[in-house]
Amino acid sequence: MASTSVFLMMVNGQIETAEFPEFDDIYCRYFFTHGPDWLITSGLEEGITQITKKSQDERQLFVWNFPLDITFKSTNCYGWPQLVVSAYGLDAFGTDVVRGYGCTHVPITSGRHKVRIPMFVPESSSLLQKLTSWFLGRRPEYVDPRVVAQGEGREVTRVRSQGFITISFNVVTKDLKKFGYDVQPSDITNPILPERVGMATTGTSEA
């Protein structure tokens, strides 16, 4: 008789900061996307942050520290969940425009992870369309931001890099080994360097 059990993945963390030096007053929307074999058992699949201003120090960061909390269950790793983020702000005419799209897979190993996502914006296909969109306040953007997590059709889209968003993840998995997936946790925050291993074995220490 085939087993009907599932494995679980619990994810929490924060949308921490963003880097868009040319802009101010930015907020962020997020979406979790996943394959057909995944189900959300608790938490929020999408949300929106508060509007924040750029810091006045040399870093010029937008700080949200907006919480993420979601739990998935599945019987198949195909369609591993991704986090899609899109940043928005006001242009000179007071129109809400996109400042960047980006996405990243949820880390596959348990533990704490920090990911810096490069963002991009769609570009007009011609100079005339670019001027028209600027005067009308209608910049190119995706109807559904989730499209950035898909590869199909993306090769015909012209884009430009613009900014970064930093996300922190805390990931806990359960029963993955029952399905043949041997994923070892990683210690990203405190890696063991080879020279430190040598010091530990020889009994020496740093000053």
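Q: Leaving aside its neighbours within four places in sequence, which residues is valine 85 in contact with?

A: Keep in mind that this is a predicted model. With close sequence neighbours set aside, valine 85 touches Cys28, Arg29 and Tyr30, then Gly100, Tyr101 and Gly102, and also Ile117, Met119, Ile165 and Ile167.

Q: How should I read a list like that, and which residues touch the most other members of the largest nonpolar core?

A: Start with the general idea: in soluble globular proteins, nonpolar side chains tend to be buried together. Here, the largest nonpolar core has 30 residues, and the ones touching the most other members are Phe20, Val85, Ile165 and Ile167.

Q: Now the charged side chains. How many salt bridges does the structure hold?

A: The idea is to look for a side-chain nitrogen of Lys or Arg within 4 Å of a carboxyl oxygen of Asp or Glu. This structure has nine such salt bridges. One of them pairs arginine 112 with glutamate 16, at 3.8 Å from N to O.

Q: Where in the chain do arginine 112 and glutamate 16 sit?

A: They link distant parts of the chain: arginine 112 is in strand S8 (residues 111–122) and glutamate 16 is in strand S1 (residues 7–19), 96 residues apart.

Q: Is glutamate 16 buried or exposed?

A: Check the relative accessible area: under 20% is buried, and over 50% is exposed. Glutamate 16 comes out at 11%, so it's buried.

Q: What about aspartate 57: which residue does it form a salt bridge with?

A: That would be arginine 59, with the closest N and O atoms 3.3 Å apart. Aspartate 57 is partly exposed at 29%, while arginine 59 counts as exposed at 53%.

Q: And which residue does arginine 146 meet in a salt bridge?

A: Arginine 146 meets aspartate 144, at 3.2 Å from N to O. Both ends get the partly exposed label, with arginine 146 at 24% and aspartate 144 at 36%.

Q: Which residues do salt bridges with shared partners join into one network?

A: Glu16, Arg112 and Lys114 are joined that way.

Key: Residues are numbered from 1 along each chain as its sequence is written. This is a predicted model: local features need pLDDT of at least 70, side-chain atom pairs count only at pLDDT 80 or more; totals for chains, interfaces and linings use all residues. Side-chain values use heavy atoms; hydrogens and water are left out. Helices (H or I, at least four residues) and strands (E, at least two) are DSSP runs, numbered from the N terminus. Buried means under 20% relative accessible area, exposed over 50%, partly exposed in between (1.4 Å probe, protein chains only). A nonpolar core is a set of buried Ala, Val, Leu, Ile, Met, Phe, Trp, Tyr and Cys residues joined through side-chain atoms within 4.5 Å. Contact means heavy atoms within 4.5 Å.
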